[in-house]
2 protein chains.
Amino acid sequence: MRPFWPISLFALACLPALATDAETDFSARARALHERLVTLDTHLDTPANLQKPGWNIMQSHNVADDGTQVDYPRMIAGGLDGGMWAIFTGQGPLTPEGRAHARNAALQIALRIHTMVAAHPDQFEIARTAADAPRIAAAGKRIVYLSIENSYPIGEDLTLVQTFFDLGVRVMSPVHTAHNDMADSASDASPAPWHGLSPRGRQLVVECNRLGIVLDASHASDQVFDQMLALSKTPIILSHSSCKAIYAHPRNLDDDRIRKLAASGGVMQLNSLSAYLVDTPANPDRNKAMAEFFGKYGGSRSLTPAQTEVLNRERREFMAKYPVKRANFDDFMKHVRHALEVVGPEHVGFGADWDGGGGVTGMNDVSCYYKITEALVQAGYSEKDLSNIWSGNVLRLLHAAEDFATKQKKP
Amino acid sequence: MRPFWPISLFALACLPALATDAETDFSARARALHERLVTLDTHLDTPANLQKPGWNIMQSHNVADDGTQVDYPRMIAGGLDGGMWAIFTGQGPLTPEGRAHARNAALQIALRIHTMVAAHPDQFEIARTAADAPRIAAAGKRIVYLSIENSYPIGEDLTLVQTFFDLGVRVMSPVHTAHNDMADSASDASPAPWHGLSPRGRQLVVECNRLGIVLDASHASDQVFDQMLALSKTPIILSHSSCKAIYAHPRNLDDDRIRKLAASGGVMQLNSLSAYLVDTPANPDRNKAMAEFFGKYGGSRSLTPAQTEVLNRERREFMAKYPVKRANFDDFMKHVRHALEVVGPEHVGFGADWDGGGGVTGMNDVSCYYKITEALVQAGYSEKDLSNIWSGNVLRLLHAAEDFATKQKKP
């Protein structure tokens, strides 16, 4: 089903130590199983890299060099068939100008995803229905669903939900790290303006249901989660979130809510971003320097290749000067195992936040993704379980959203 | 500068009769001159064909078979380097739903143009500045500027002008064949609501100037033309229009206005749509049957290849049953020569309405485009004149629009 790719180089970056023969044999069997599955990650921030000058999705990159974690060769190496490619917009001012700017930026990202696919029609394909994923995987191509992280681009104009649906968006979250027009954020320390969803946020839920878009509660406050769960006519997703029982970050979900999510048919996709997995000590100096770095290089300005070289060098220097505590693969798997123990393999999956801050020691980029399958096979999960975890659950949600939208249309 | 393409088959479709040796020699010299020029058509309705199932811009088509007039092989055959690829939206209801639908449809067309270019990066390139055209032509690729015909998609939200500018739009007309939010149409028999531009239409002019978009008065009423000429800070274009002095259609421009256009530095691009060139008798039966045909096949529904076959057959049957008086190449050249006589070669060019109703007997599709150069060389126009006519004039307008926008930005 999938093109063969030499994985030795990538495997060297993933393996913690020299393996014994028995381990190698086990690894090969787990890998073969992994390759039989349709695998989806529900939160790829990779579209942000598509505008990098000289950066090419078809070439293999090194996360240590340029910070990127997903490209075509590494997707093949890690056995990732595709996922939800995020149209992410950072929260800006809640003004007409700010909203229009966010809308335009989001449309540009959608365009970039589509032109990437158009430029490589034998390697990628846009997916618009749940049925598209297995078909595209069977054709040996990578699956490109579009998703929206933060509905800031929708602003005050809910007709834009249809616009983005037409562009292929099938998963949408109302809010990012700051409260906005739609909803309260889980990680905004300022007083919550809505105590959940705003009136417009409630309309957003109705509109997403009407069109067949799966609602995504990652980054939303607990109250938003509760209200989305109650309001949505089809099961919701947490496209990239972790477990509060393992590490009490406000962005993570507590066990009670994980159970409620599962009871309603929803899915939680585990994140691999260190600050959500383990306690990372506050570092005001680093935060200040980081803000300066983003001030210098953030936004959508295009850089020359020479400027990009400088950026990459300064990024490496920054990482060396301000080392940050990183979670490791076992820390990540603690969250995964916990979610599986609480609600079982029909309500768990992965949205590792690649190219958005994800990645742990031992699984630094998408080329190591198959390691999760190894770990779960070792923990006793069956091929059927893994099939659900890697895509079946998410496709079930897409199917439910499609079915509801189709039924709505009928007289 | 341009890839060689065997033109014999296309030439057979263009030549009226067997040529003598002297004529062939002359034709070859005119053709060689034509190939040295950068040639632009300022109104290609071809994007409408990009959604046709099975239709491929890289394959050669026959206008008699499927009604299409532009594809890559025929652009090469006719020596057309590129032009303004129109985002056309037919006028619909002036309601919030209608405007949102038009906006979404226009964004889809923009996406289609971009994915066409992304899929064929060695054959096409998006142009965003006047300087891009000669550079892209020198690289042997076709030039793809984007334009908007009918600002219905802008609706009540002028921030969308920036959206479309970001997507590459560099020429924009306020109105099509029916009055709308922005302006009165030249061909709407109902009372003109604005007596020219609406207040929002005036803001549209200001916004286009601010961004560096050339304003296009084709399809606009004479009053709109007069007001756009007075209001715009940079010269305007008529992207596809003909001469009222030759045929008195309300959509054509009178000599006085052609002179005023030229005096302000503007350009008139001659159209080849028969109903604007010669008197075509009214045919209510045909109009009724045409409306039924469009009702059956219009809109953006996608057809299966089998349905497309049926459509093409029914279209051919329709054309046979309801023959329409067609202008010929000489009729078209009468308008061209007239405009050249009135204002000279620095204010005239071509927007032949390919794939939008254009084409005359003897110049049925874009593969015959070089015939105009032949005719104008024979009429005594120099290579410099032809260079202006085929692109220099339009690029001057784009330069002027860019310069104004750049100066506006400076403190």
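In this report, contact, or touching, means heavy atoms within 4.5 Å. The model is a predicted one, in which local features need pLDDT of at least 70 and side-chain atom pairs count only at pLDDT 80 or more, while totals for chains, interfaces and linings use all residues. Residues are numbered from 1 along each chain as its sequence is written, chains are lettered from A and ligands numbered from 1 in the order in which they are written, and side-chain values use heavy atoms, with hydrogens and water left out.

**The two copies**

**Chain A as a whole**

The secondary structure of chain A comes to 16 helices and nine strands, where helices (H or I, at least four residues) and strands (E, at least two) are DSSP runs numbered from the N terminus. With a radius of gyration of 20 Å, close to the 22 Å that the globule rule gives for 411 residues, chain A is as compact as a globular protein of that length; the radius is taken over C-alpha atoms, and the rule is 2.2 Å times the number of residues to the power 0.38. The C-alpha trace of chain A spans about 60 × 50 × 45 Å along its principal axes.

Of the 411 residues of chain A, 58% count as buried, a word that here means under 20% relative accessible area, with exposed meaning over 50% and partly exposed lying in between (1.4 Å probe, protein chains only). Among contacts in chain A between residues at least 6 apart in sequence, 72% join residues at least 24 apart. Chain A exposes about 16,400 Å², of which carbon and sulfur atoms supply 57%, as computed by the Shrake-Rupley method with a 1.4 Å probe. The mean positions of its 41 positive and 46 negative charges are 2 Å apart, counting Lys and Arg as positive and Asp and Glu as negative, without His or the chain ends, and placing each charge at NZ of Lys, CZ of Arg, CG of Asp or CD of Glu.

**Residues in helices and strands**

A:His240 is found in strand β7 (residues 237-241) of chain A, and at 1% relative accessibility it counts as buried. Leaving aside residues up to four places away in sequence, A:His240 touches A:His43, A:Glu149, A:Ser218, A:His219, A:Arg251, A:Gln269, A:Asn271, A:Gly351 and A:Asp353.

A:Arg103, in helix α5 (residues 96-119) of chain A, counts as buried at 4% relative accessibility. With residues up to four places away in sequence not counted, A:Arg103 touches A:Pro153, A:Leu160 and A:Phe164 as well as B:Asp157, B:Thr159, B:Leu160 and B:Thr163 of the other chain.

In chain B, B:Phe404 is found in helix α16 (residues 383-409) and touches B:Asn209, B:Arg210, B:Lys233 and B:Thr234, again without residues up to four places away in sequence.

| Residue pair | Apart along the chain | C-alpha separation |
|---|---|---|
| A:His240 and A:Thr95 | 145 residues | 28 Å |
| A:Arg103 and A:Leu160 | 57 residues | 8.6 Å |
| B:Phe404 and B:Asp166 | 238 residues | 17 Å |
| B:Asp285 and B:Asn180 | 105 residues | 28 Å |

**Helix α9 of chain B**

The buried residues of helix α9 (residues 222-231) of chain B are B:Val224, B:Phe225, B:Gln227, B:Met228 and B:Leu229. What covers them includes α8 (199-211), β6 (214-215), β7 (237-241) and α10 (255-263) of chain B.

**Two loop residues with positive phi**

Most residues other than glycine have a negative phi. A:Asn150, however, has a phi near 85°; it lies in the loop between β4 (142-149) and α7 (159-166) of chain A and is buried, with a relative accessible area of 0%. B:His219 likewise has a positive phi, of about 80°, although it is not a glycine. B:His219 is found in the loop between β6 and α9 of chain B and is buried, with a relative accessible area of 4%.
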